[in-house]
Amino acid sequence: MDFKKKVVLITGASRGIGKATAIAFAEQNAHVVINYRENDRAAGNTMTEMKIGDHLLVKCDLSKPLELKQMVDLIIQKYGRIDVLVNNAGISQIHEIDQVSFDDWQKAWHNIIQTNLIAVANLCYLVAQKMIPMGGGRIVNVGSRGAFRGEPTQPAYGASKAGLHALSQSLAKQLGKYHIFVNAIAPGWVETEMATTFLKDEERASILADTPLGRLIQPEEIASAVLFLASEASSGTTGAILDMNGASYLRT
Ligand SMILES: NC(=O)c1ccc[n+]([C@@H]2O[C@H](COP(=O)([O-])OP(=O)(O)OC[C@H]3O[C@@H](n4cnc5c(N)ncnc54)[C@H](OP(=O)(O)O)[C@@H]3O)[C@@H](O)[C@H]2O)c1
């Protein structure tokens with residue numbers, strides 16, 4: 001897979017899956033735009049680990065539409081195009097319906113839906129405006145197994161990811177005529193900071209027992225799938241949701 005001269009925007013690329021994806025695209029000669037929210041040091045480290053290519057760091061809070069627009073304008077100013085958009089950034093927090101106050105319940109829903117779903121819809125809009133006159137492009141959205149399995153302790157997270165999968169499929173139908181491919185990946189637990197924040201030792205053991213692979217998925221494995229969905233190798237695939245959960249949850 002060669003992404004020579006392709007411009008790839010990856011949200012939330014300072015850490016975890018986004019970072020692994022940025023490094024994988026750089027290894028395939030892409031120009032990578034590393035978006036992040038606040039962690040300058042981690043974003044800088046991602047940039048340092050991408051040895052070849054002309055990359056760009058953009059600090060931008062995706063939940064703020066004006067900042068999103070400024071980010072897209074900056075990328076167009078520098079490279080003149082966006083070939084691949086990877087909507088990877090996401091947040092979560094525990095907000096159990098029978099434990100939290102009504103105020104905290106509303107805050108959790110607002111923040112999570114704003115970042116995980118509305119920001120993605122907005123960025124898809126802004127980037128599609130650039131891809132349409134270019135004659136096509138690829139959008140890969142990082143969803144979650146939680147959309148199918150249920151997320152009792154983080155219901156807004158599960159709902160945001162179900163919405164993200166539906167958004168991907170709707171856009172795949174509407175944008176196919178412009179040769180813009182839209183797909184999603186639905187990972188189970190992936191070994192990143194997001195996962196380790198939630199996992200205590202005993203939970204980790206029960207999660208490992210749940211999957212026949214006996215291990216968590218690694219960020220680099222998700223990155224490989226993103227590259228596949230962003231490449232010509234997947235030319236017949238749009239509107240798909242790729243499960244990557246080590247057979248821990250099989251949907252029918
Ligand atoms: N890890 C898992 O087990 C798992 C499972 C299923 C799905 N996923 C999904 O995979 C994606 C990546 O997860 P991860 O585990 O790699 O996450 P992570 O390690 O927590 O990293 C999150 C990234 O998103 C960025 N971010 C968060 N809010 C943002 C905002 N408002 N604007 C811009 N950037 C923002 C962070 O930037 P800063 O560094 O600046 O904070 C960071 O780069 C998420 O969508 C997540 O829901 C993860």
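Start with α7 (193–198): this helix gives three residues, the largest share, to the shell around the ligand. Helices here are DSSP runs of H or I with at least four residues, strands are runs of E with at least two, and both are numbered from the N terminus. The model is predicted: local features need pLDDT of at least 70, side-chain atom pairs count only at pLDDT 80 or more, and totals for chains, interfaces and linings use all residues. Residues are numbered from 1 along each chain as its sequence is written, and side-chain values use heavy atoms, without hydrogens or water.

Next, select α1 (16–27), β2 (31–36) and α6 (155–175), which, like α7, each give two or more residues to this shell.

Now show the 32 residues around the ligand (a heavy atom within 4 Å). Ser14, Glu38, Asn88, Tyr157 and Thr192 come nearest. Colour the shell by class to see 14 nonpolar, twelve polar and six charged residues. Ala, Val, Leu, Ile, Met, Phe, Trp, Tyr, Cys and Pro count as nonpolar, Asp, Glu, Lys and Arg as charged, and the others, Gly among them, as polar.

- Glu38: a backbone N or O atom is 2.6 Å from a ligand oxygen.
- Asn88: a polar backbone atom lies 2.7 Å from an oxygen of the ligand.
- Leu62: a polar backbone atom lies 3.0 Å from a ligand nitrogen.

The protein buries 97% of the 920 Å² that the ligand exposes when taken alone (Shrake-Rupley method, 1.4 Å probe).

Finally, select Lys78 and Asp54, a salt bridge with its closest N and O atoms 3.1 Å apart. The cut-off is a Lys or Arg side-chain nitrogen within 4 Å of an Asp or Glu carboxyl oxygen. Lys78 is in α3 (residues 65–79) and Asp54 in the loop between α2 (40–49) and β3 (56–59), so the pair ties together parts 24 residues apart in sequence. The structure holds 14 salt bridges.

Terms used: A polar contact is a pair of N or O atoms within 3.5 Å; within protein, one must be able to donate a hydrogen and the other to accept it, and residues adjacent in sequence count only if both atoms are side-chain atoms.
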